[in-house]
Number of protein chains: 2
Amino acid sequence: MVSPTYQEFVSQLQKMADLSSAIGLLQWDSEVYLPEDASALRGRQVALLTGIVHQEATSKQFGQLMNGLANEKLPLKHKTNVALALKSYNRDKKFNKDFVMKKSLAVSEAFNAWSRAKTANDFSVYAPYLDKLLNLSREEVKILGYKDHPYDAMIDLYERNMNVKTLDRIFDDVKKHIVPLAESQSSKQKLNHTFLQKKYDHKAQFDFTVKLLKDIGYDFKKGRQDISLHPFTIGLNPNDVRVTTRIDESDICNSIWSSIHEGGHALYEQGLNIKEYGLASGAAASLAIHESQSRFWENNIGRSIAFWKYQLPKLKKAFPSQLQGVNINHFFEAINFVKPNLIRTEADELHYHIHIMIRYEIEKEIFTSNIKANDLKPLWNELYKKYIGIKVPNDKNGILQDVHWSHGSFGYFPTYSLGSFYAAQFYATLKNRLPSIEDEISKGNLTSVNTWLQDNIYKHGGTYDAETLCKKVTGSTLDLSYFITYVKNKFKIN
Amino acid sequence: MVSPTYQEFVSQLQKMADLSSAIGLLQWDSEVYLPEDASALRGRQVALLTGIVHQEATSKQFGQLMNGLANEKLPLKHKTNVALALKSYNRDKKFNKDFVMKKSLAVSEAFNAWSRAKTANDFSVYAPYLDKLLNLSREEVKILGYKDHPYDAMIDLYERNMNVKTLDRIFDDVKKHIVPLAESQSSKQKLNHTFLQKKYDHKAQFDFTVKLLKDIGYDFKKGRQDISLHPFTIGLNPNDVRVTTRIDESDICNSIWSSIHEGGHALYEQGLNIKEYGLASGAAASLAIHESQSRFWENNIGRSIAFWKYQLPKLKKAFPSQLQGVNINHFFEAINFVKPNLIRTEADELHYHIHIMIRYEIEKEIFTSNIKANDLKPLWNELYKKYIGIKVPNDKNGILQDVHWSHGSFGYFPTYSLGSFYAAQFYATLKNRLPSIEDEISKGNLTSVNTWLQDNIYKHGGTYDAETLCKKVTGSTLDLSYFITYVKNKFKIN
């Protein structure tokens with residue numbers, strides 16, 4: 001029997017979730033179908049609704065309700081839901097509605113400017129808007145407060161209980177272990193297969209990715225796939241989880257692995273308990289855990305030899321001329337080819353974390369100094385030279401490549417590396433529990449994988465934070481050695 | 001120099017318009033892209049936002065602001081904007097938020113039930129939901145109040161200053177003049193061209209309608225076309241006006257004329273003054289005038305010999321085998337073939353108004369008696385037998401054909417006939433002012449048509465009601481004889 005006060009608490013959270021879903025749809029539409037001239041008014045709509053959500057989220061009455069509940073005797077899950085909602089409430093209350101709406105508008109404008117700048121290959125179009133967001137984010141840090149490092153305030157928004165101290169340790173390990181692995185592996189590999197870069201028809205690619213999504217368990221009754229400039233997943237609720245992909249007719253890798261990646265995010269969202277919609281227990285545990293799910297499918301499964309034993313014949317059927325004579329070993333080598341590259345989303349599994357490390361260093365700088373947008377570009381280019389050994393030839397493939405900063409998201413990138421490392425640890429655990437899993441995968445049977453993820457990850461929602469969940473699932477907190485073992489094994493490095 | 005009070009009034013209306021646009025997008029998405037399992041939560045979202053708009057629309061403060069403005073000395077256009085907003089305010093205030101949200105939820109449920117019922121070809125799936133809407137609408141009439149006829153209260157929602165008395169007169173004329181014309185014309189025509197019902201590829205149809213939309217002046221930077229079960233136009237604001245079409249591979253008529261029809265609506269919405277967005281002066285004059293724009297393009301232009309002189313060669317290029325040997329006269333005859341039919345949206349220009357007359361009689365009955373949904377079906381079938389001489393073979397092509405009632409829209413249908421009659425009057429006026437217009441049209445030059453509509457209709461927005469606007473544009477109020485002359489002329493009837 002649920003107490004009426006708790007029920008009232010649930011209703012208020014669901015109301016806020018309904019409003020946030022409406023904003024989500026406006027944003028989805030903005031990136032997928034919005035007519036060119038309509039973006040200014042769209043930005044105003046989103047800001048207006050963001051203000052309304054903020055008002056609901058910070059109402060005195062809601063605060064009193066939760067503070068009352070916090071003193072009640074509740075089942076553990078309910079207690080966690082109240083505690084986490086109260087944490088958000090206390091954080092949201094630090095901001096006034098004007099600030100929230102101002103930031104929302106600045107984000108819309110920056111996103112539009114970023115799109116224009118990327119098309120024009122000209123960072124200067126975007127720089128003044130980015131500066132505005134940098135300043136707003138620094139203001140946000142001051143409002144939020146922090147103990148050790150200003151950047152901590154931002155990181156905690158995306159990954160609760162994470163901070164610079166821990167991330168410094170993790171990215172030190174990246175520098176120590178992954179940077180040399182990436183270098184040695186790059187110099188070792190000679191043959192680059194170019195069959196992935198032949199001409200692949202747009203519609204045929206789209207159709208193939210739809211089949212892939214179905215095969216990994218994505219439910220099209222509860223979602224859909226569209227095309228966008230930057231692939232993303234948006235979970236409006238567990239029954240409406242949409243993914244997008246990007247199609248490049250001269251490179252089939254883009255669509256395949258972005259669809260699998262977003263599919264992994266989407267499986268998590270579709271697997272959340274709809275009865276707990278709006279509550280922490282019905283939401284993802286954290287962004288790093290979210291990313292662990294996308295990287296798990298994209299890499300641990302989606303770049304494995306087992307997966308392609310089943311899928312390659314299908315891909316060859318869809319593209320017979322392009323893939324003529326390609327056997328599973330060629331294909332596996334090609335999709336796991338390691339080389340220094342410019343674009344994060346196209347990076348191999350080793351260089352990927354160097355891309356993230358660079359962004360982490362830059363973001364730390366943003367919150368330590370008062371660095372301006374115009375100084376970010378030389379810093380970006382310098383770090384790419386230093387760590388990846390590559391000269392950035394233009395803005396489009398340099399500092400303009402990612403959408404995140406234009407969304408006002410600083411502190412988001414580190415969760416990408418964390419996600420990969422969690423994914424490797426989860427995958428090792430799964431293989432340990434179900435030794436025949438790769439055999440099943442190679443037959444196209446992913447039921448055991450889906451069930452294991454449902455029972456071990458999805459069903460808990462956000463009841464535990466990332467580290468607690470990781471310990472529950474794998475027996476220990478995040479341990480980079482799983483990832484190192486995984487890549488050494490994959491790339492046959494002793 | 002605009003007074004600060006008026007400026008505040010404008011801001012409040014624009015805020016409400018922004019919120020309504022968000023609802024509009026949720027509804028557009030529901031009919032175009034929403035995943036199957038997501039409709040229940042979507043209905044709740046729409047209801048929630050509808051409640052918020054209602055709260056904004058009926059706030060005491062807003063009422064005081066407008067009542068103050070109503071006593072100020074304002075320019076005429078501003079005065080009208082205030083008066084019309086005040087009229088809406090006084091009407092909205094009669095409803096409490098619970099009623100508004102309850103109706104919104106009932107509409108979402110009824111729309112879903114209608115879709116399911118139509119697919120299943122089974123009215124009984126939908127009947128209980130329709131009953132709920134019938135009762136809510138009758139309750140609405142009681143809350144709104146009326147002078148002469150309860151149905152008047154509903155009609156005025158869609159067409160201000162229109163009522164049963166005037167509509168009775170108009171539909172009497174339909175019965176007296178159009179019913180016999182439809183009958184005699186049907187018996188006269190013998191040859192039915194079947195080339196329009198060959199197999200026409202889905203994508204090729206879509207691409208052709210996109211070109212048609214561009215040709216008539218629709219701006220794809222300020223809109224887009226998608227596919228839906230029931231074609232519609234939604235103007236979120238003048239920079240975001242979306243149309244949908246329906247494609248039937250065994251009948252090219254569906255897509256072509258629904259695209260031109262919705263294109264006509266959309267040209268009106270795109271032509272409204274964005275600076276007056278949210279105000280009556282930046283909105284359509286009425287639904288009948290809106291429909292006059294769609295019917296003007298669909299019929300007066302879109303089924304004219306002049307228009308197809310230019311477009312037929314293009315259509316033949318897109319579908320060479322299907323249209324081999326078809327000349328302009330065959331084509332013109334085929335697209336203007338008159339015969340009794342079941343489906344309103346596929347009706348010829350004569351039978352169309354008999355379809356509307358039937359719905360008008362049924363709706364009048366709904367608000368005069370306490371008729372139940374289950375009794376509407378036999379009534380529907382009886383009237384189709386009586387006026388069109390056709391036995392309704394199933395629910396799908398009978399009472400389930402239209403979406404409108406499932407939207408809770410009763411009183412909307414009559415505006416369709418009014419729209420056609422206004423369109424004929426506008427077209428006659430245009431031809432009178434610009435005698436060479438059909439010559440221009442036959443060369444594919446629609447600039448003069450677009451300019452004339454912009455200067456005479458669009459630019460006024462809703463400053464005048466339909467009858468005042470009609471008088472301003474044509475010199476007289478609505479006069480059915482223009483339509484009678486137009487069809488007699490088209491069908492060569494003496």
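The residues that line the largest cavity of this predicted model divide into 3 nonpolar, 4 polar and 2 charged. In this grouping, Ala, Val, Leu, Ile, Met, Phe, Trp, Tyr, Cys and Pro count as nonpolar, Asp, Glu, Lys and Arg as charged, and the others, Gly among them, as polar. The lining is made up of Arg295(A), Asn299(A), Asn300(A), Glu349(A), His353(A), Ser420(A), Ala424(A), Phe483(A) and Tyr486(A). Two or more residues come from each of helix H11 (287-301), helix H16 (414-433) and helix H20 (481-490) of chain A, and H11(A) gives the most, with 3 residues. Helices (H or I, at least four residues) and strands (E, at least two) are DSSP runs, numbered from the N terminus.

The largest cavity holds about 50 Å³ of space, and a search of the whole structure finds 5 cavities of 30 Å³ or more. A cavity is a set of points, on a 1 Å grid over the protein atoms alone, where a 1.4 Å probe fits but cannot get out; lining residues have an atom within 4 Å of a point. Grid points are joined across faces, edges and corners, and a volume is the space filled by probe spheres set on the points.

Residues are numbered from 1 along each chain as its sequence is written, with chains lettered from A and ligands numbered from 1 in the order in which they are written. The model being predicted, local features need pLDDT of at least 70 and side-chain atom pairs count only at pLDDT 80 or more, while totals for chains, interfaces and linings use all residues; side-chain values use heavy atoms, with hydrogens and water left out.

Arg295(A), one of the cavity-lining residues, also lies over the face of Tyr352(A), at 3.7 Å from the ring centre. Likewise, the charged end of Lys214(A) sits over the ring of Phe220(A), 5.6 Å from its centre. For such a contact, NZ of Lys or CZ of Arg is within 6 Å of the ring centre and within 35 degrees of the ring normal.

Tyr33(A) and Trp28(B) form an edge-to-face pair, 6.4 Å centre to centre with 70° between the planes. This pair crosses between chains, from the loop between helix H1 (4-32) and helix H2 (39-57) of chain A to helix H1 (residues 4-32) of chain B. Rings of Phe, Tyr and Trp (its six-membered ring) pair if their centres lie within 6.5 Å; planes under 30 degrees apart count as stacked, over 60 as edge-to-face and the rest as tilted. Both Tyr33(A) and Trp28(B) are buried, where buried means under 20% relative accessible area, exposed over 50% and partly exposed in between (1.4 Å probe, protein chains only).

Arg303(A) and Glu298(A) meet in one of them (3.3 Å, N to O), and both residues are buried. Lys443(A) and Asp439(A) form another, at 3.1 Å, N to O; here Lys443(A) counts as exposed because its relative accessibility is 58%, whereas Asp439(A), at 43%, counts as partly exposed. In chain B, the closest N and O atoms of Arg242(B) and Asp240(B) are 2.8 Å apart. These two residues join Asp29(A) and Arg42(A) in a network of salt bridges.

Conventions:
1 Å grid on protein atoms, 1.4 Å probe; cavity = no way out; pocket = protein on both sides within 12 Å on 5 of 7 lines; lining within 4 Å. Salt bridge = Lys/Arg side-chain N within 4 Å of Asp/Glu carboxyl O.
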